[in-house]
Amino acid sequence: MSRPKIALHWQILIGMAAGLVVGIVVNLAGAPIDAILEAGGPAAGVLTFVAKLNDFIGDLFRRGLRFIAVPIVLFSLIFGASSLFGFVAARQLTRHNHGAQYPK
């Protein structure tokens, strides 16, 4: 049995709607969680651990995005400039700027 294929734009819209619903539910459940944390006990320890783990994973994700963004931008600029000027113009540009002698 094969399932019908859902178009990508519908998958994205369904995911956005599901994320919105989950976000609202989690936001509304914030008051009982605060009461559990104030009461203490093992449930409070588990919630604190999950919150710290979530912060750690989110911090790793943000650092990973920063780590990869600079090389992507740099190589995009290099590729764009090389496609505009071509190899010969880039060679002439380096020859005039650095005084290097290239054979013709």
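The following is a conversation about a predicted model of one protein chain.

Reader: What should I know about the model before I look at single residues?

Author: The model is predicted, so local features need pLDDT of at least 70 and side-chain atom pairs count only at pLDDT 80 or more, while totals for chains, interfaces and linings use all residues. Residues are numbered from 1 along each chain as its sequence is written, and side-chain values use heavy atoms, with hydrogens and water left out.

Reader: Where is confidence lowest and where is it highest in the chain?

Author: Since pLDDT is the predictor's confidence in each residue, from 0 to 100, the chain can be described by its mean of 81, with 78% of its residues reaching 70 or more. Confidence is lowest in helix H2 (residues 30-39), at a mean of 74, and highest in helix H1 (residues 8-28), at 92. Where pLDDT is low, the predicted coordinates should not be read in detail.

Reader: What makes a stretch count as a helix, and how many helices does the chain have?

Author: Helices (H or I, at least four residues) and strands (E, at least two) are DSSP runs, numbered from the N terminus. By that rule the chain has three helices and zero strands, and its pattern along the sequence is α-α-α.

Reader: Why is Ala 44 called buried?

Author: Buried means under 20% relative accessible area, exposed over 50%, and partly exposed in between (1.4 Å probe, protein chains only). Ala 44, in helix H3, has a relative accessibility of 8%, and therefore counts as buried. Of the 104 residues of the chain, 2% count as buried.

Reader: Which residues is Ala 44 in contact with, leaving aside its neighbours within four places in sequence?

Author: Contact means heavy atoms within 4.5 Å, and on this basis Ala 44 is in contact with Ile 36 and Leu 37.

Reader: What makes the pairing of Arg 63 with Asp 59 a salt bridge?

Author: A salt bridge is a side-chain nitrogen of Lys or Arg within 4 Å of a carboxyl oxygen of Asp or Glu. The closest N and O atoms of Arg 63 and Asp 59 are 3.1 Å apart, and the pair forms a salt bridge. Arg 63 and Asp 59 are four residues apart in helix H3, and so are separated by about one helical turn. Salt bridges that share partners join Asp 59, Arg 62 and Arg 63 into one network, the side chains of Arg 62 and Asp 59 meeting at 3.4 Å, N to O.

Reader: How exposed are Asp 59, Arg 62 and Arg 63?

Author: Asp 59 counts as partly exposed because its relative accessibility is 25%, and Arg 62, with a relative accessible area of 46%, is also partly exposed. Arg 63 is exposed, because its relative accessible area is 53%.
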